[in-house]
Amino acid sequence: MAFSSSGVLPKQMIEILLRNGRPELWRSVFVGCSGTFRTERALLAARPGLQVHSCDVSLFSTSIARLAMGRPLDFRFIGELAFFEDANLDPESRVAAIMVASMIGTHASGKPNRYKQAHLAHLRANFAVYVARTAEKLANVADELPIASYAARDFLEHVDEAIDRGAGFIAFPPVVKGADEKVSAYVAKNTDWQGPAYTPFDPAQLPGLLDKLDGAGSPFFIASDKLLDGRVPSAEVRVSNSKTVYAYTPTVRSGFYRNGYNEDRFTYTALDVARLHKKSRISIAPSNGGRLNFLKNIYLKKSIAHVSGQGSFEVYIDGMLAGGLIYARSKFGKNTELYLMSDFSTSRSGRVAKLIARIATSRAVIRELDLKFIERHTSILTTAFSDHPAAMKYRGSWEVKSRDAGPAGGPKFILNYVSEVREETLAETYRWWWDRDGSAEVGAARDRVSGGRSQVVEAPREERALHGPDRVQASGGKRKDRRQTDVDAAGLPA
């Protein structure tokens with residue numbers, strides 16, 4: 001099994017553990033599903049001298065733990081990764097090579113294409129550089145990770161020993177699937193290591209596990225992304241727009257955590273629909289989470305979640321800011337599909353939201369992500385939460401993939417939309433909107449202005465909450481270089 005961070009406690013949850021869980025009062029601490037050892041590092045840094053016992057089933061985690069304890073793990077790279085053995089790597093570099101092997105596995109898994117092949121060729125040709133840079137992070141692992149013991153085994157066995165020794169137990173049981181599963185299989189196939197036998201964790205086992213720990217009187221802090229019937233979580237962390245992590249402990253204490261927003265303020269000219277015309281020009285500028293958080297705090301409801309993705313863009317029309325777009329790689333393991341996390345407009349009038357939703361599907365925007373991920377994307381998926389069976393701004397550009405009932409007390413419908421990536425220029429996209437809605441909407445906006453009614457730029461009350469009901473999540477970092485691509489009426493770079 002290759003490295004996966006799916007079972008690693010979120011940083012905010014670790015803060016709650018240290019503050020409310022009081023692990024320093026436990027006799028010792030057993031950590032299951034250690035992963036990247038984030039939990040252990042935090043515990044040992046905040047509570048020096050604490051007896052921490054770790055476990056995992058992965059080659060990655062086991063090799064790190066053995067390196068930290070001064071007993072490097074014996075394993076070999078074989079098959080497609082056998083060339084690593086020719087490099088005569090030292091112990092730190094061999095562990096680093098496992099991480100690089102996972103990077104290679106990302107592009108060696110699934111259906112091959114020329115973009116994956118190009119990325120693979122680059123990684124193989126420069127693997128020594130990647131290994132060296134990664135190994136630097138492991139130079140002080142013995143000092144940073146002074147764990148008392150490590151066991152390569154199923155974490156449920158770790159639970160049994162914790163109970164027998166009267167120790168506390170901490171875990172975020174992972175469920176490896178999709179892309180993680182493919183990478184894991186690739187690394188396992190191309191390494192020779194006698195790993196432990198284990199059964200993939202079934203989330204349905206969690207209530208029984210909690211009952212077992214409760215019955216034994218053991219202190220515990222178990223995280224899950226599921227709300228369990230009959231159990232009140234003692235902590236809740238909204239880690240993203242679509243994911244909330246809950247913590248279950250023997251004693252219920254309030255530990256609800258809200259992330260702050262990183263804002264990168266800037267000056268701009270807001271869109272005035274009345275100033276648009278048939279030959280108006282669309283331009284796209286790469287952005288960052290801070291800039292878009294600033295805009296979303298202005299133009300979206302305060303209850304709407306902010307998301308940070310892997311590709312952020314600002315949309316301008318004739319130099320006026322019209323909206324923003326945030327993308328991420330598909331979470332469903334399909335390499336050629338992108339997920340549109342957010343698309344918002346800076347004007348409620350003029351049906352500009354429909355134009356922004358159409359722009360989101362244009363190759364002129366997606367090309368930046370094609371180059372970034374070395375993948376030619378062919379489709380985009382997005383999710384809308386609405387009290388209506390359709391989100392009007394997607395009509396005409398997107399197709400409904402599924403329509404489900406919303407959660408109790410929330411929006412009535414959860415709508416999944418899909419669109420192909422359109423091979424049309426931004427000028428063609430603008431003409432589509434102009435002919436369909438723009439001409440009439442701009443005329444109406446000019447009539448309002450000439451009639452003495454000024455056009456007010458208001459916060460749009462869109463039909464979805466940035467693809468999630470009332471949630472909170474952290475913003476992205478700053479990005480220094482910003483390019484703006486202007487496209488003229490003929491669709492050619494200006």
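Are Y394 and W398 buried or exposed? Both Y394 and W398 are buried in this predicted model. The two residues form an edge-to-face aromatic pair, with 5.4 Å from centre to centre and 65 degrees between the planes. The structure holds 17 aromatic pairs, whereas a search of the whole structure finds zero disulfides. The points below treat the aromatic residues, the cysteines, and selected strands and helices.

**Aromatic pairs and clusters**

- F266 and F294 are each buried.
- One aromatic cluster is formed by F75, F77, F83, F84 and F127.

**Charged groups over rings**

- R291 lies over the face of F266, at 3.6 Å from the ring centre.
- W432 has the charged end of R358 over its ring, 4.2 Å from the ring centre.

- C33 takes part in no disulfide, and the nearest cysteine sulfur, which belongs to C55, is 6.1 Å away.
- Seen from C55, the closest cysteine sulfur is that of C33; because the separation is 6.1 Å, the two are too far apart for a bond. The cut-off applied to a disulfide is a sulfur pair within 2.5 Å.
- C33 counts as buried because its relative accessible area is 11%, a value to be read against the limit of under 20%.
- C55 is buried as well, at 0% relative accessibility.

- Strand 11 (residues 282-286) is mostly covered, with five of its five residues buried.
- I282, I284 and P286 point one way from strand 11, and S283 and A285 point the other way. The residues on both sides are buried.
- Strand 11 pairs with strand 12 (residues 311-317) in the antiparallel sense, over five bridges.
- I282 has I317 of strand 12 as its bridge partner.

**Helix 2**

- In helix 2 (residues 38-46), the buried residues are T39, E40, L43 and L44.
- Viewed down the axis of helix 2, these buried residues fall within an arc of 120 degrees, so they line one face of the helix.
- The elements covering the buried residues of helix 2 include helix 1 (11-21), strand 1 (29-31), strand 2 (52-56) and strand 5 (168-171).

**Surroundings of Y248**

- Y248 lies in strand 9 (residues 244-248) and is buried, with a relative accessible area of 1%.
- The C-alpha atoms of Y248 and A223 are separated by 6.3 Å, although the two residues are 25 residues apart along the chain.
- Leaving aside residues up to four places away in sequence, Y248 touches L210, F220, F221, I222, S224, K226, L227, L228, R231, V232, P233 and S234.

Methods:
Residues numbered from 1 in each chain as written. Predicted model: local features only at pLDDT ≥ 70, side-chain atom pairs only at ≥ 80, totals over all residues. Heavy atoms only, no water. Buried < 20%, exposed > 50% of the residue type's maximum accessible area, 1.4 Å probe, protein only. Helix = DSSP H or I, 4+ residues; strand = E, 2+ residues; numbered from the N terminus. Pairing = 2+ DSSP bridges. Arc of directions from axis to C-beta. Contact = heavy atoms within 4.5 Å. Phe/Tyr/Trp six-rings, centres within 6.5 Å; stacked < 30°, edge-to-face > 60°. Lys NZ or Arg CZ within 6 Å of the ring centre and 35° of its normal.
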